[in-house]
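This briefing covers a pocket, a helix and an annotated segment. Each topic has its own group of points.

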Amino acid sequence: MKRRRQYSLASLTSSGDWGSIAGLPKFTFAGLSPIGPFVAYEHEEGELLSEVTDLTASQAVSVAIKIVTTVVALHDLECEHGDLAAKNILYRRAPGDICILDAFDISPVGDGRVRTPVACPANWETLNQLSLDRYATVKVVRDLLGPFGNGVAACLAVLDEELSRPQIETLEVALFALQATGKALSEPPKPSFAIATRYPDKFAIDPDGDGYWLTSRRGRTDDQATEYALTGVRHQLVLTVKDDVLIDVSRSAIAFGELTHASSSGTKLRLTIVGASDGSNDAELLLSYVRKHVPVAAPVPKATPRKAEVRLDVPRHWRKLLELEESDRIEVEIVQEVAFRGGLGVYTFRSQGGNFDFDPDSLIQAYSGLRSKVGDIDLEVSDLTSTLAIRGMTRRLYPGDVIGLVDRREQTSIDRRSRAVSKILNGGAAVPNLIGYFSAEQQPVAIDFGTTIEAPSLERYGLNRGQSAAFEKLLRHGPVGLLQGPPGTGKTHFIASLVHWLLTEGGARRILIASQSHEAVNNAIEALVNLYKNFGGKPNLLRIGSKGISEKIKPYHSAELRARYKTRFESALKARVSILTSDKGVSKRLVADVCKLDDEMGEAARLCLRLRRLLEEAPPTAAERDRQAGEMRRAEAAVKEAAERIAGLKVACDDPIADVERAFAALLLRHKGSSEADLVYARNALALAREWGQSMGSVHRNFDEFLAKTRSIVTATCVGVGETKIRIEAAQFDWVIVDEAARCTSSELAVPIQLARRVLLVGDHFQLKPMIERSLVDRLEEEFPGHARSELTRSDFERAFDSAYGEKIGERLTEQYRMNDAICSLVSECFYEPHQVRLTTSPDRKSKLAFPGTLPPVLSKPICWVDTAVLSNAKERQLPNSTTFHNEGEVEAVIRCLDVIAQQEELVTQLLKGDEETPIGVICMYSGQKQRIEVACAGHAFNPRFRKLVRVDTVDAYQGKENSIVIVSLVRTNGRFDPGHIREPNRCNVAMSRARERLIVIGSAPMWSDRRQVSPMRQVHAFSQRNAVAAHVVKAETI
């Protein structure tokens, strides 16, 4: 009875919280009586689910989802049911709701719980109650959907697989399958079109998933015609139209690259295409359906084909993207005023859209409209679920008012970028018509500046042939230079060499280096420092922004330089004041005491004044008020002690500033030969000196601007260039070099290049694209109809590089130093050769690791594909309301691979002695997998020294990084062969090209090798299979 009593009490304790769960009865009271526990809840109307037999498939799936979500919510409250069965579930037809009953049934025998035998697994005695609840839930749902057979076949297969497990650890898998099935059932049926053919059995055009990619183009043989292409996995159906008449229907095989292009630039249409030999032909109907989704391209004369192209209005695209970004803010509607006093308002609110994902240290500002600031959100007082506290309010708010919440740092970034974009579009950039270099509508002409470099000067930088040719061409031609640098081709060394030559021999006085990421900026600085050191000097350099600052970079950081100047100035403060006062004959002893009194007593008195003002403003928390009161007591004590020691005066510190004045007056009594005029002159000189010193030490004064104007090299992230306190937006630089330019959005790129007389953009448009939120791209599609998403998300670097101007000016590096030759061959074949670019490994490449003769399979060859197909838990999972995925089987495989590496003592010793901080990288294609692997690594018994060698991150955070050994977790594994965003070659390229010596790819071979797979990872797997010397495939269970 004791166990039964504990269970009941636990349930009773939480029963009051059950009212918030939609699928449970409304509980009114719970307690203990002399004869035992009791619970009272309202009577519920409805039919027992076990007796309901007339549901449609869609209704059944909806009921199943509600059952699962109710049980999940119940478990989240750390409660169990214990007797889940269809007979304990009510179905209410009108709203389509369910209600789970009998959560408190108690049996007089056993552990006190009532169970339905048919809803228990065979091994029920070995399982805990939560697992039994999950099994019963899946069983109820499986029985509910069973009668619908093929209509929900995929979902039934998932449910059967879950029921076959020894223990169901989560209901997420079942819920995901149900939600996917519900979505499929709610979508309208796919239209089907029969195309006449003599051989219908051979006419198949396998769809890509649930449809085909629609693209349109000018006729290949007749430019007066328009072709509509419907692209599947292996074939393409083309409808050719001329003068509004369908003149041809053709089917042809396609290469993988054509599918990749269609999927990145086309529109997905859900439909079915079949062949027919019975005389029926739906070609005209198919054409009519297609033309509703893509506008007909206007025919053009053959002599002027370019005018028929629908070209993107790049200036409008720049403006619109920035406008959409600024308007994409969290909005809330004020419901009620809770309190308003002294500029502090507390309000209840309801969300109007957006996610509250602010960091705890964020400064959130409230705006009415786009520009009218209301005040600052106090995050300590606000709960961000129903209540907002706003400080420093400029006006009172009333019910119904809608305000936007913005992170001040984000708003500052938007403001900087907006100013830069406006300046360029209005013709205010240093390079005339700068926007024209990114717009297909304009054809700027390259300028030959006639700048040349002598061969001996170029040779001393140790550049290879391709780098040297690019150096000479980009130096001579402009004003906008373009350099594509694939992985490991020495972009950073190239930039450092160019900057060094421009400043030492090329006549340049000021150069700005910017990048989309802090890491790329820091890499460029370190390369410059090393290069200058080799030539016997130091760069005259300033680093703006503090993220990732290393010891080598620290001496060049603005805060460090400011502090260094301030320290030098303050150390000579007395001497400077003595010099200022010597002409007036002021005693040096008086000057010394004035400086000392002001430094010790004056500073403490001014601190007292500031703290008293803060305390009068009523700090938001008692802890903060106590802290400030403690500081006040210490400051007052310092005032009293300094006054007595230096001026011989006792003060009460009621008015600290007045006490300081009395102390200065008393000081004259200790200096008999000095006059009051001497004291005034000494104090004025000291004030002048201190004001100059404070201007160097304050971030709000212009010393940083002074640094920026006096340094030959200024470095920052693209947005960091526009820091208000630096104020270099009005300045001009001889050269502005932007690294990782292909990752920059248009507004990020605009901030640095607006300042340049000459621009060099360095990037690789075959790696990661600019990061633009999916919701913004959706809205861009509405603003720019007729343009593919790929065009709207294309980088300005790529637009310029692929333009007629770029064909003349652009340079490309192809000799790489990073990757083992086998890995280089894979990256070149899969990601560059489809674009007629071939990477080669430099003969000067040197390996940093010496691998022992005998190694386990995952390390024995440069490339290893670890096949997880037979691992039972190697299935992708997606949490409810989540956009990311994880795969527990691949998590285990990653840990196994790390274990294998950790056991190679000789290899680990080399890694520990090397100059890499983290020579082993784990790249996750999804952020959900990163979190799971980090938790698994933290819980695994790795040696602490080995653990420090490993870095885990997402592919989107990995561009510009490299490791000796890289493990890539692909995550996606499903029966639809849907690769998600791993279909994008750019992401796959980054993941595959980070490794120097060993590349380990973890994924299901059947998933990634299937002919229906559209991801380039299919080619990576094929490469791993056919190159027996350099690569192989290993079963995960054998590791």
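In this predicted model, the second largest pocket has a volume of about 380 Å³. The lining of this pocket is made up of 17 residues. Domain 1 (27–185) and domain 6 (821–1038) each contribute to that lining, so the pocket lies between them.

**Lining of the second largest pocket**
- The lining residues closest to the pocket centre are R165, E169, T170, R877 and E888.
- Two or more lining residues come from each of the elements α5 (172–186) and α28 (888–902).
- Sorted by class, the lining holds nine charged, five polar and three nonpolar residues.

**Helix α12**
- Helix α12 spans residues 491–504, which is 14 residues.
- From the first C-alpha of α12 to its last, the reach is 20 Å, close to the 20 Å expected at 1.5 Å a residue.
- Most of α12 is covered, with ten of its 14 residues buried.
- The buried residues of α12 include the run from F494 to L502, that is F494, I495, A496, S497, L498, V499, H500, W501 and L502.
- K491 of α12 is also buried.

**Segment 625–652**
- An unreviewed UniProt entry lists residues 625–652 as "coiled-coil region".
- In the model, the chain over residues 625–652 is 82% helix and 0% strand.

Note on methods:
Residues numbered from 1 in each chain as written. Predicted model: local features only at pLDDT ≥ 70, side-chain atom pairs only at ≥ 80, totals over all residues. Heavy atoms only, no water. 1 Å grid on protein atoms, 1.4 Å probe; cavity = no way out; pocket = protein on both sides within 12 Å on 5 of 7 lines; lining within 4 Å. Points joined across faces, edges and corners; volume = space filled by probe spheres on them. Helix = DSSP H or I, 4+ residues; strand = E, 2+ residues; numbered from the N terminus. Nonpolar A, V, L, I, M, F, W, Y, C, P; charged D, E, K, R; others polar. Domains from an automatic or database assignment. Expected span 1.5 Å × (residues − 1). Buried < 20%, exposed > 50% of the residue type's maximum accessible area, 1.4 Å probe, protein only. UniProt positions renumbered as here; feature names shortened; annotations may be inferred.
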